[in-house]
Amino acid sequence: MADNQPTLEALLAAGVHFGHQTRRWNPKMRRFIFAERNGIHIIDLQKTLRQLELAQKLAREVVLRGDNVLFVCTKAQLSAIVKAEAERCGSMYITERWLGGLLTNFQTVKKQLRRMKELEAGTEEGGGFENYTKKEQLMLAREREKLGKYLSGIKNMTRLPGLLFVVDSKKERIAVSEANKVGIRIVAIVDTNADPDQITVPIAGNDDAIRSVELVTKAIADSIAEARREAPLREEVEESESYTYSSDRGAEPAAEDTERKRRRRPRRRRAKPDAIAARMKGAPAEGGTEGGTEGGAEAGAETEGDVDAEPAPTE
């Protein structure tokens, strides 16, 4: 841990102590502010160093427990740095745009991840899309590029992460809100204009300078990489139909779904309209024929009796 811990001199050289203008500050950040210089708040680096130690300890505990860490940073000038550090320590990342419902509606996101994997497998050489027309292949390739742009960093995400590392908690307020709703702990670089009460371990520092973000992100990534080397190997459950993941209940076997399907009542067979019309039409016809036959016999008997009783006169 000592090797991963930056010094006060390194934090000072990286410009971590520079905050926002005094008129843009959040009063809840008062406890992390050291002084004011030329209309700019100066952050207390000793408190920043202590918070960074707590963040490293929390990240280490999460990785040793077997959970994963999700890096979130959508700033254009910082996304490349965060992506590189996340890949180096084997973590997931979101650097393009935070998709609403990524944590609170993870079931739908899983369908998109499955669709992206199907498109990647189908568009490869020897895949199942070779027999499609050129236009269909073009449309599938565009869909794959669009999904890969936003979901490539969480391609292997089969369950919710155990920790979020956020750069600029004010800009990523949707991600912070969703993490708080589902109970995921958050480590974030918090500037003087943000709310630290929404963060589990806020790291007070400059979230706009490249060197500042690079230093803090590297320290967190080093702790994750070290803990990953010490953590026991854990088999990742492949995404399949046998398991159902939920933010409320976690992983559940799909035996209940199979049992529910077995209990379904058989579907009733509906008669065809032609058969119903033929039956309704045939019923009175049969009755009328029988009645007509009996009536005809009786009429015939009466006619015969009249002929025998009184013969017709002849001229």
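**Exercise 1.** Find which residues of H3 meet which residues of H7, and sort the contact by class.

*Solution.* Contact means heavy atoms within 4.5 Å. By that criterion, Ile81, Glu85 and Arg88 in H3 meet Ile210, Glu214, Thr217, Lys218, Ala221 and Asp222 in H7. Sorted by class, the contact has three nonpolar, one polar and five charged residues. Here Ala, Val, Leu, Ile, Met, Phe, Trp, Tyr, Cys and Pro count as nonpolar, Asp, Glu, Lys and Arg as charged, and the others, Gly among them, as polar.

The model is predicted: local features need pLDDT of at least 70, side-chain atom pairs count only at pLDDT 80 or more, and totals for chains, interfaces and linings use all residues. Residues are numbered from 1 along each chain as its sequence is written, and side-chain values use heavy atoms, with hydrogens and water left out.

**Exercise 2.** Describe how H3 and H7 are oriented.

*Solution.* Helix H3 spans residues 79–88 and helix H7 residues 210–230; helices are DSSP runs of H or I, at least four residues, numbered from the N terminus. Their axes, lines fitted to C-alpha atoms over the stretch in contact, lie 10 Å apart at an angle of about 10°. Angles under 35 degrees count as roughly parallel, and H3 and H7 are therefore roughly parallel to each other.

**Exercise 3.** Check the span of helix H4 and list its buried residues.

*Solution.* The expected span is 1.5 Å times one less than the number of residues. For the 18 residues of H4 (106–123) this gives 26 Å, and the end C-alpha atoms are 26 Å apart, so the two agree. Buried (under 20% relative accessible area, 1.4 Å probe, protein chains only) are Phe106, Val109, Lys110, Leu113, Met116, Leu119 and Gly122.

How values were computed. Helix = DSSP H or I, 4+ residues; strand = E, 2+ residues; numbered from the N terminus. Buried < 20%, exposed > 50% of the residue type's maximum accessible area, 1.4 Å probe, protein only. Axes fitted to C-alpha atoms, helices over the stretch in contact; angles between N-to-C directions. Parallel < 35°, antiparallel > 145°, perpendicular 65-115°, else oblique.
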